[in-house]
There are 2 protein chains.
Amino acid sequence: MSPSGPLPFDPIDEARRQWREHGWADAADGMAAVTSIVRAQQIYLSRIDSVLRPFGLTFARYEVLMLLLFSRAGSMPLNKVGSRLQVHPTSVTNAVDRLETTGLLRRVPHPTDRRTTLAEILPPGRELALRATEAVNAAVFVDPQLDGAETGQLLQILSRLRRAAGDFDTTR
Amino acid sequence: MSPSGPLPFDPIDEARRQWREHGWADAADGMAAVTSIVRAQQIYLSRIDSVLRPFGLTFARYEVLMLLLFSRAGSMPLNKVGSRLQVHPTSVTNAVDRLETTGLLRRVPHPTDRRTTLAEILPPGRELALRATEAVNAAVFVDPQLDGAETGQLLQILSRLRRAAGDFDTTR
């Protein structure tokens, strides 16, 4: 719910109308689509963050833990964490610092490449990642307030967008 | 483009596969949909921010300026700015502080309600908002890398979500 309760009209629809009135009709639908995505992200992230807070996690730190949990060795070079999560190296450093301080992972030298540092998930990190996932699944992911057809459409549309934005290229 | 170039696979598809393997099949599609929205927001916001930066604006400050620009009186109570943009009062205070410092708007007392402060857009604010919009439209909103049908589907799906989340209620 928005901080002060529902508005009696859709504010993004209203912005689209204003866009058209100001002579920006060719950008009105794009503005509405992008603004809707920004708002949907706020809605979901605020739910996820409130579920993760009791676990001492943010979404960024949770994503790092899950990536390590899913990795075969339980560890991964720091730069690979960044490229897999598609975030900047400083974000990875901040998240890893915090997860290391709280004993959920540790930095270890790469066995053969001296210039590379690995992040390695520790048993308390595994345990917390699994418990946090059960909580986020139950609160958000099992029912993201979309029906089945909508979830599929959304995945398809945003997959094309992410591909076009250079996130991945499965043709190489 | 992601910081380190395209991955050879879709990382959200891979996370979905892992979710299923870990026995969280009922949450796998929801996780993928929500994570796609988070990532789409990052893609768009980083584009918008880089267009707005030369204007000295962030997306949050830009949204405040546009709301005032679109208002009949060119001014609006601060709490109404928050409810219209569906952000918390502290975010509004921060954005308004910064826009006031740079001479784009000013705080004025409400003419009849002493307890209410208005944000009023100033001529340089109007001028900057219009120029910034032309730039964001050209760089992002005219072509958000979605085709027409996808834009419509996305708007419809996310409008239902925002309504379900309590953003607006047009039935009241």
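**The interface of chain A and chain B**

In this predicted model, 79 residues of chain A are in contact with 79 residues of chain B, contact meaning heavy atoms within 4.5 Å. Residues are numbered from 1 along each chain as its sequence is written, and chains are lettered from A in the order in which they are written. Because the model is predicted, local features need pLDDT of at least 70 and side-chain atom pairs count only at pLDDT 80 or more, whereas totals for chains, interfaces and linings use all residues; side-chain values use heavy atoms, without hydrogens and water.

Between them the chains bury about 7,600 Å², 67% of it on carbon and sulfur atoms; buried area is the accessible area (1.4 Å probe) that two parts lose on being put together, summed over both. W24(A), F70(A) and I157(A) supply 9% of the area that chain A buries against chain B, more than any other three residues.

Charged pairs also link the chains, with a count of 7 salt bridges (a side-chain nitrogen of Lys or Arg within 4 Å of a carboxyl oxygen of Asp or Glu). R160(A) forms a salt bridge with E150(B), their closest N and O atoms being 2.9 Å apart.

T133(A) lies in helix α6 of chain A, helices being DSSP runs (H or I) of at least four residues, numbered from the N terminus. T133(A) is buried, with a relative accessible area of 0%, where buried means under 20% (1.4 Å probe, protein chains only). Not counting residues up to four places away in sequence, T133(A) touches Y62(A), M66(A), W19(B) and W24(B).

Methods. Helices (H or I, at least four residues) and strands (E, at least two) are DSSP runs, numbered from the N terminus. Buried means under 20% relative accessible area, exposed over 50%, partly exposed in between (1.4 Å probe, protein chains only).
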